[in-house]
Amino acid sequence: MNKLELSIAVGNYDRMRPLIDGEVQIDGVDPVFMLHDPEEIFFRAFRHADFDITELSLSSYTVKTAAGSCPYIGVPVFPSRAFRHTSIYIRTDRGIESPADLRGKRIGVPEYQLTANVWARLFLEEDHGLQPRDVTWMRGGYEEPGRVEKINLDLPEGVRVENIPEGETLSGMLASGELDAVMGPRAPSCFMQGHPHVGYLYRDPQQAASDWYRRTGIFPIMHLLGIRKTLVERHPWLPFSVYKAFEQSKANALAKLSDTSATKVTLPFVEDQLQAARRLMGEDFWSYGFSPNRQTLERFLEQHHAEGLSRRLMKPEELFHPATLESFKI
């Protein structure tokens with residue numbers, strides 16, 4: 001029997017390289033990998049369902065799955081995870097000394113429903129009492145004008161989301177002082193270029209994130225993997241085969257990361273960073289699979305629904321193909 005030739009769109013992460021390089025195979029699949037940035041992958045996946053297997057925004061996927069309109073079914077592979085205490089950038093000349101001082105401010109977002117922003121609003125509300133209706137959200141592109149929300153939103157009364165003026169960008173408006181802050185998964189260029197009045201909201205975001213993890217046990221999930229539903233209907237063996245291969249690819253990448261006789265990443269002191277992550281989060285600090293991530297997914301889905309982004313409260317099990325919710329043991 002010939003293998004299925006399938007397109008697979010993912011970011012070029014170290015945890016994907018064993019698959020991309022052919023070191024790990026997906027049973028029954030002849031893959032055609034397409035390596036793109038998340039913005040391109042998500043736009044093409046949610047607007048046109050361009051790919052057979054694809055990395056997906058957890059938030060956008062939840063919106064469409066709750067509405068019954070998603071062309072993909074999830075697999076509990078999480079290509080991107082990140083603590084988002086690093087994702088809020090402020091004007092340092094506006095008297096913003098703590099997160100609570102954002103009340104009444106204008107905060108730029110590339111899209112309101114981005115997964116990173118859902119997680120950031122979660123800890124701003126839980127830890128500092130700042131609710132979405134307490135600020136004005138200004139939507140637009142980081143560096144290019146004209147970015148639009150991929151998903152239609154029906155937000156609760158009192159939540160204000162406005163588009164920034166035509167031709168403007170979030171980075172430009174933060175630099176000029178027209179915005180008080182920017183929230184999103186990328187750093188605006190004005191921050192990267194060292195603008196004298198732009199900085200992190202949290203002065204030590206790594207320490208803030210570590211403290212939050214110790215209290216909550218949550219390592220936020222940003223993206224999951226999806227498979228085209230029509231493919232799964234014809235090939236019910238496919239979801240678990242995909243899950244197994246991506247899990248093996250990650251395991252191979254972590255083994256290489258741990259081999260520090262000649263470090264595999266271009267970063268000094270990688271040994272110290274790796275040991276610090278394991279001390280804080282345990283050996284399996286980047287877990288795939290359903291059971292280890294149930295709590296994280298439940299908390300995200302509760303916040304997502306409370307913000308009015310998903311029309312009903314989803315259960316974590318509903319996000320994934322049933323064949324991927326459990327695994328065999330030897």
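The paragraphs below lead through the predicted model, from its sheet to its helices, its cores and a few single residues.

Residues are numbered from 1 along each chain as its sequence is written, and side-chain values use heavy atoms, with hydrogens and water left out. Because the model is predicted, local features need pLDDT of at least 70 and side-chain atom pairs count only at pLDDT 80 or more, while totals for chains, interfaces and linings use all residues.

Helices (H or I, at least four residues) and strands (E, at least two) are DSSP runs numbered from the N terminus, and two strands pair if DSSP finds at least two bridges between them. Five strands form an open sheet with mixed pairing, in the order β2-β1-β3-β11-β4. At its edges stand β2 (29-35) and β4 (72-75), each of which pairs on one side only. From one strand to the next the twist averages 35°, where axes are lines fitted to C-alpha atoms, for helices over the stretch in contact, and angles run from 0 to 180 degrees between N-to-C directions.

Apart from its neighbours within four places in sequence, Glu39 is in contact with Arg147 and Arg186. The side chains of Glu39 and Arg186 are joined by a polar contact of 2.6 Å, that is, a pair of N or O atoms within 3.5 Å, of which, within protein, one must be able to donate a hydrogen and the other to accept it, and residues adjacent in sequence count only if both atoms are side-chain atoms.

Two packed helices are described by the angle between their axes and the distance between the axes. In this model the axes of α3 (residues 58-66) and α11 come within 11 Å and cross at roughly 65°. Leu58, Ser59, Thr62 and Val63 in α3 meet Leu297, Phe300, Leu301 and His304 in α11.

The nonpolar cores come next, each being a set of buried Ala, Val, Leu, Ile, Met, Phe, Trp, Tyr and Cys residues joined through side-chain atoms within 4.5 Å. The largest has 90 residues, of which Leu102, Leu124 and Phe246 touch the most other members. Leaving aside neighbours within four places in sequence, the contacts of Leu124 include Ile88, Leu102, Met183 and Tyr202. A second, separate core has 12 residues, among them Met173, Leu174, Val182 and Phe191.

Finally, two loops deserve a look. Most residues other than glycine have a negative phi. Ala49, in the loop between α2 and β3, has a positive phi of about 50° although it is not a glycine. Phe269, in the loop between α9 (238-258) and α10 (270-281), also has a positive phi, near 60°, and it counts as exposed because its relative accessibility is 60%.

Methods: Contact means heavy atoms within 4.5 Å. Buried means under 20% relative accessible area, exposed over 50%, partly exposed in between (1.4 Å probe, protein chains only).
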